[in-house]
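Please look over the sequence and the model before reading on.

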Amino acid sequence: MKDIFCKIIDGDIPSTRVYEDDDVLAILDISQTTRGHTLVMPKKHYESLLDCPKETLTKVMLIAQRIGQAEVSILGAKGVNILANCGEAAGQTVMHFHVHVIPRYIGGEGGFRLEMASQDTSKMNLPVLAKEIGDAMK
Ligand code: 5GP
């Protein structure tokens, strides 16, 4: 069964399109967490950023960058959060890779909060942890 973004890409259900080319589609997020909140996605289905091939990932990220730049220049955004939730545990609800471009305004207008709390790292071995991750990249 098609996911909701595949249906949008195929024109089965409506969306408010910001940008489109052969490989990439950008639409306004239905929630408008802040004014201009946009989703950028590959037209080909990949479940998340983690399984997206690098050529497609590059195209998606370059469009996300241009949308962020446009939002700063014409919407009065003072910053932009560009992020991808990968997997249910990370808050991904639509299992079709997409990047959120969320313009940020002075005074925190809108409903977006990003909170990164610190853990007590005294019982963690950070060099070993770093090596584990680094080794797995090889
Ligand atoms: P996720 O939680 O997977 O990172 O984000 C999914 C996003 O898709 C949410 O911000 C949600 O508001 C948006 N969304 C879900 N369904 C639709 C839809 O039918 N149309 C649009 N434009 N956005 C949607």
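Predicted model: local features only at pLDDT ≥ 70, side-chain atom pairs only at ≥ 80, totals over all residues.

Tyr-19 stands opposite Ala-26 in S2, where helices (H or I, at least four residues) and strands (E, at least two) are DSSP runs numbered from the N terminus. Strand S1 (residues 17-20) is joined to S2 by 3 bridges, and the two run antiparallel; two strands are said to pair if DSSP finds at least two bridges between them.

Residues are numbered from 1 along each chain as its sequence is written.

## The sheet and the overall layout

The chain holds 3 helices and 5 strands, and its elements run α-β-β-β-α-β-β-α from the N terminus on. The 5 strands form an open sheet in the order S1-S2-S3-S5-S4, with antiparallel pairing. S1 and strand S4 (79-83) are the edge strands, each pairing on one side only, and the twist averages 15 degrees from one strand to the next, with axes taken as lines fitted to C-alpha atoms (for helices over the stretch in contact) and angles running from 0 to 180 degrees between N-to-C directions. Further into the sheet order, S3 and S5 run antiparallel and are joined by 3 bridges, and Thr-38 has Val-101 in S5 as its bridge partner.

Taken along the principal axes, the C-alpha atoms of the chain fill a box of roughly 50 × 40 × 25 Å. Of the contacts in the chain with a separation of 6 or more, 59% are between residues 24 or more positions apart, a contact meaning that the C-beta atoms of two residues, placed from the backbone, lie within 7 Å.

Buried residues make up 23% of the 138 residues in the chain; a residue is buried if 20 or more other C-beta atoms lie within 10 Å of its own, exposed if 12 or fewer, and partly exposed in between, with C-beta atoms placed from the backbone.

Met-41 lies in strand S3 and counts as buried because 26 other C-beta atoms lie within 10 Å. Leaving aside neighbours within four places in sequence, Met-41 is in contact with Phe-5, Leu-25, Val-60, His-96, Phe-97 and His-98.

## A loop residue and the ligand shell

Gln-32 is found in the loop between S2 and S3 and, although not a glycine, has a positive phi of about 45 degrees. Gln-32 counts as partly exposed because 14 C-beta neighbours lie inside 10 Å.

The ligand is surrounded by 13 residues, the closest being Ile-30, Ser-31, Asn-85, Thr-93 and Val-94; a residue is near a molecule if its C-beta atom, placed from the backbone, lies within 6 Å of it. This shell divides into 6 nonpolar, 6 polar and 1 charged, where Ala, Val, Leu, Ile, Met, Phe, Trp, Tyr, Cys and Pro count as nonpolar, Asp, Glu, Lys and Arg as charged, and the others, Gly among them, as polar.
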